[in-house]
Amino acid sequence: MKQVAIIAFDILRTGIRTTSHFALVLPLTIGTAHSVGLSPSIDDSHFTPLQLLGKNLFFDTSLSNPTGQSCASCHTPENAFTDPDKSSPTSAGADPNLFLNRNAPTIMYMAYSPALHYNADDDTNVGGQFWDGRTDSLEEQAKQPLLNPLEMANPSKAAVIDSVQNGPNAELFKSVFGMDAFTDTETAYDNLVHALAGYERTAVFAPFSSKFDAYVAGNAELTPAEQAGLELFNDPAKGNCAACHISTPSPDGTPALFTDFTYDNIGIPKNPDNPFYSLPAQYNPDGAKALDLGLGKTTGDPDTNGQFKVSTLRNISLTGPYGHNGYFDTLEQIVDFYNTSDVKPECSDPLTSAALATTLGCWPAAEYVATVNHDELGNLGLTSEEVSDIVTFLGTLEDGWTEARATTVGEPPTLAMIVLGLLGLRLAYRLPRPPKRYSERYPD
Ligand code: HEC
Ligand code: HEC
């Protein structure tokens, strides 16, 4: 956990360090979302050529080896840019027999993650991309999946560029980067990831259009359970969730991101269902004994072993399974874990699934025991109703909320209500249309 003020500084820093597109797009989003509580309708017609190219490349299935997998295969808009395939806790590669060792996180709001750096004021590591912060920018991040043998599996940068040059986006690529855009492989590869990152920095990935945003703007009321959940979420003596998943705007006005981009070990056990454990030795020489050191592998500092980046909780109801290895199937399970991981006895088998552990009334040992945070979580003393209220509140963080989607209790209409209703209708026609759901924005 760390101070909110530092985030603001970091975001400013990132803005300055990266391209003008970041500087242009995000303030636009923040300004609009913040003042009216709803995001502007987002469609391609507002995209710059770079952003449009980035979008096309993000969905381009000719960029994997064998072809068939794109970035969007594991980061689908309908699932808040996570993997739609729930049959496995971690994602399958372009070769469907190969699997990554981690759960695909949402990319939404990740443009706000600063480069990884150490903050001496409160002894935290902050920022970076991936669960372990191993790259500093969206550009550097995008370079990896294209070449990772467990993901898009291209043998070389030249092979990737060759696919772009012979693929559906060759002309657009040249119109953005010049007629000689394919002559130098290194330059072309840098431009390719620059376009992908340009798309990832559009308001599509940061609409700030949840019910929570509407509530903060005074345009929606929370139900009693949602309200109770929010209070438990914020209360340091109860859920204490906001200590790391910050629920208030940054001083620069950026709405709450529900992460401070720091790292922690919340004590997640190994996931017995992780298909990575059964990969051939060339990909995983340690079998089921494979130990994921998280941030420790990035920094080399053993004090950070077992730590993973604090996830944003925006859209969390769409992004299961949960945790860096997808250990938890449901939000109830992970919130129960926060509540009782230091209280319930240890399961005798360290490879016990979350569902079985719940039935048995135990939790398996953490995958990496030495650095688990027992100060801020593990024994919250919440009742099962309080756990359920927190889960209900988390549902308000789903983007694309409109009042029309909220269910209202029917009451017999009075004349005054009919008049008000007609006035409302009139107003609705004069107001900009509410943001579309992802599925409408990206029909198959
Ligand atoms: C096979 C599935 C798969 C494919 C294909 C894939 N990703 Fe990912 N992505 C993941 C997983 C899993 C992680 C987390 C890996 C880790 O932390 O080690 C991830 C992490 C990320 C992150 C970091 C998010 C964060 O919270 O730090 C970004 C950004 C991202 N991917 C963008 C992309 C882009 C752009 C492409 C296409 C070039 C792509 N991904 C292709 C599965 C995939
Ligand atoms: C000390 C910091 C800290 C506190 C306090 C905290 N979290 Fe987290 N949270 C994290 C970290 C770190 C992760 C990623 C852990 C991992 O995957 O290993 C995480 C992950 C999650 C995830 C899974 C995210 C995903 O995309 O899979 C959920 C859900 C979550 N937290 C909810 C909560 C709730 C609800 C509370 C309060 C009851 C809470 N957290 C309190 C640090 C914290």
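## Confidence

pLDDT is the predictor's confidence in each residue, on a scale from 0 to 100. This is a predicted model, in which local features need pLDDT of at least 70, side-chain atom pairs count only at pLDDT 80 or more, and totals for chains, interfaces and linings use all residues. Residues are numbered from 1 along each chain as its sequence is written, while chains are lettered from A and ligands numbered from 1 in the order in which they are written.

The mean pLDDT of the protein is 86. A value of 70 or more is reached by 81% of its residues. Two stretches stay under 50: residues 408-413 and residues 415-444. Contacts here are pairs of residues whose C-beta atoms, placed from the backbone, lie within 7 Å. Beyond four places in sequence, the model has one contact for residues 408-413 and 23 for residues 415-444. Where pLDDT is low, the predicted coordinates should not be read in detail.

## Overall fold

The protein has 16 helices and four strands. These elements are DSSP runs numbered from the N terminus: helices are H or I with at least four residues, strands E with at least two. Of 444 residues, 48% are buried. Buried means 20 or more other C-beta atoms within 10 Å of the residue's own; exposed means 12 or fewer; partly exposed lies in between, with C-beta atoms placed from the backbone. Among contacts between residues at least 6 apart in sequence, 71% join residues at least 24 apart.

## Helix α10

Helix α10 spans residues 224-234. Its buried residues are Glu226, Gly229, Leu230, Leu232 and Phe233. They lie on the same side of α10, because they cover an arc of only 165° around the axis. That arc is taken over the directions from the helix axis to the C-beta atoms. Their cover includes α14 (384-394).

## Ligand shells

A residue is near a ligand if its C-beta atom, placed from the backbone, lies within 6 Å of that molecule. Around ligand 1 there are 25 residues, the closest being Cys71, Cys74, Phe130, Trp131 and Pro145. Two elements give two or more residues to this shell: α4 (71-74) and α5 (138-147). Helix α5 gives the most, five residues. By class, the shell has 15 nonpolar, seven polar and three charged residues. Nonpolar covers Ala, Val, Leu, Ile, Met, Phe, Trp, Tyr, Cys and Pro; charged covers Asp, Glu, Lys and Arg; the others, Gly among them, are polar.

Ligand 2 has 28 residues around it. Cys241, Cys244, Phe308, Ser311 and His324 come nearest. Helix α12 (residues 331-340) gives the largest share, four residues. The shell divides into 18 nonpolar, eight polar and two charged residues.

## Loops and backbone geometry

Two peptide bonds are cis. One joins Asn65 and Pro66, with omega about -5°; Pro66 sits in the loop between α3 (49-58) and α4. Another runs from Gly320 to Pro321, with omega near 0°; Pro321 sits in the loop between β4 (308-309) and α12.

Ala80 has a positive phi near 50°. It lies in the loop between α4 and β1 (117-119) and is buried, because 25 other C-beta atoms lie within 10 Å. Phe208 also has a positive phi, about 50°, in the loop between α8 (185-200) and α9 (211-216). Phe208 counts as buried, with 26 C-beta neighbours inside 10 Å.

Gly167 occupies the loop between α6 (157-165) and α7 (170-177). Gly167 is partly exposed, because 16 C-beta neighbours lie inside 10 Å. Beyond four places in sequence, its contacts are Asp60 and Ser62. Asp60 is 107 residues away in sequence, yet 8.5 Å away from C-alpha to C-alpha.
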